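Please read the points below with the sequence and the structure open beside you. They are meant as a colleague's careful notes for someone new to reading models.

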Amino acid sequence: MRHLNLGPDLSLPLTEVIGQCVAILGIRGSGKSNTAGVIFEELLAARYPLSIVDIDGEYFGLKEKYEVLVVGAGENVDIELDVDAAPGVAELSLREGVPVILDVSDMLAEERELFVLEYLTRIWSLAGKIRKPYMIGIEECHEFIPQGVRTDLKEVIARIALRGRKRGLGAVIISQRSAKVEKDVLTQAGMLFLHRVVHEVDMRVYSELLPWPKAEVKEQVTGLGVGECIYLSGQSIRKVKIRPRKTFHGGFTPSFKPVETPKLRQVRGEILAAIHKFKEEKDGAGDGELQLKLEKLEAELALKEARIRDLERRLRERHTPLPPPAPPAPEPPLEDPVPPAFDLPPEVLRKVERLLRRLGRLPIHERRLVAFLASREPRSYTTAELAAWADCAEATLLAEPPTELVEMGLLSCERLARGITYRAQLKAFVNRAFSGFLPELGPEGCHQLVCYLRGRLCQLSALERDFSRIA
Ligand SMILES: Nc1ncnc2c1ncn2[C@@H]1O[C@H](COP(=O)(O)OP(=O)(O)OP(=O)(O)O)[C@@H](O)[C@H]1O
Ligand SMILES: [Mg+2]
């Protein structure tokens, strides 16, 4: 009988994991993702089909040895997909047994939730008809099945974890926040890998899961090293050491040793072709439906934008009882047309579009900010100046600083004598975010990309002008 070799002293019959709910818990760096990676490696070696919801884009290294399709939005995807394509890929994966990694690392929370919901809903309904062994892995599952909150996504994951067995569905759920994961799911998990925890709240969760007195739980658990855990399944309960992953672990703890770039296996051409075909059909067939959806969302957005402007105005008035000192005369807006993209490679343009989609979902004041600063690079502006020139309420800027834009490296923030200042950093951003394309682009292409990006970013506030007409 086929066994999963998870460590020197842990070998499980494959049949034991069919339809099983496996929970892997522990603090950051305790070895959870490695343990999950080892389970996935062994399942893939046994040709057991699976899907992994990968929130940090760290499982693509499985492609070093196994044929796995990576889809979604992230650095290492084989095909970039949005929510409309999710059910189709789920169906392909389950029917054809194609292992899939859903890389949702570049999606914003709302899009990510919808994407995973559509995907897992299709898996659930189809598994009822197909009934063959299939595993779903979910990283950082407290994000998807939080304790005490009800969402559609949580419901479908809980259904898979608690009632999937009869359909052949199993789940591997991974979390560093044991206390934040839905209790019903944890207590029903048939197999547990409990890595080290230290906080009292997590220790309490472990005490509920382990049949030991509290003091013993604490003693055993605090003594666990990286990669060690308490393994619990049925009557079996013991301390085990999980083996390191054989394939590249994208979530490894960085050290000063050089890291070798993994050599990834290419996904078979016909699988990619099937998805491309399916994507094209979807894009073509549903144009009318998509247009309607778009119009509805745009109308909702316009209403919300109008409301935000109104609230911002009221907030500004409340915080400025005296008429403010006359702001410096506004500089005329720079209405540079977007420079043509000339011959920027299509993958670069796709990446720009993806970035713009992401930015398009930011709050309006952040969009205005990035549009304004991009047009004025390299000048830096204080929040007061931005309030005057970029029409961003200063109170809003202070209460909701553009953290995401700074983390992405598009803006930099400095505290100077004249106050907190922001400025755009497009060249540095391009050098970092498009590093893989730089050799191909050369200095000329890189300059062109910066100009093109600047033009597109400046348009982010044009969107707002349209809304102000509606409002
Ligand atoms: N069984 C093991 N043997 C050897 N090294 C391991 C083992 N488990 C984990 N490591 C190493 O320890 C580091 C942290 O492991 P891992 O990324 O799996 O932790 P994690 O619990 O998932 O952390 P996080 O919560 O931050 O995602 C990695 O560099 C990994 O290679
Ligand atoms: Mg991890």
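1. Serine 175 counts as buried because its relative accessibility is 0%, where buried means under 20% relative accessible area, exposed over 50% and partly exposed in between, with a 1.4 Å probe and protein chains only. This is a predicted model, in which local features need pLDDT of at least 70 and side-chain atom pairs count only at pLDDT 80 or more, while totals for chains, interfaces and linings use all residues. Residues are numbered from 1 along each chain as its sequence is written, and side-chain values use heavy atoms, with hydrogens and water left out.

2. Serine 175 lies in strand β9 (residues 169-175), strands being DSSP runs of E with at least two residues, and helices runs of H or I with at least four, numbered from the N terminus. Leaving aside neighbours within four places in sequence, serine 175 is in contact (heavy atoms within 4.5 Å) with residues including Cys141, His142 and Val181.

3. Cysteine 141 also deserves a look: with 1% relative accessibility, cysteine 141 counts as buried, whereas cysteine 413, at 38%, counts as partly exposed. The count of disulfides, meaning pairs of cysteine sulfur atoms within 2.5 Å, comes to zero. For cysteine 141, the nearest cysteine sulfur is that of cysteine 21, 8.8 Å away.

4. Turning to the helices, the crossing of α3 and α4 is left-handed, which means that the near helix is turned anticlockwise from the far one by less than a right angle. The residues of this contact between α3 and α4 divide into eight nonpolar, one polar and four charged, where Ala, Val, Leu, Ile, Met, Phe, Trp, Tyr, Cys and Pro count as nonpolar, Asp, Glu, Lys and Arg as charged, and the others, Gly among them, as polar.

Definitions and conventions. Chains lettered and ligands numbered in written order.
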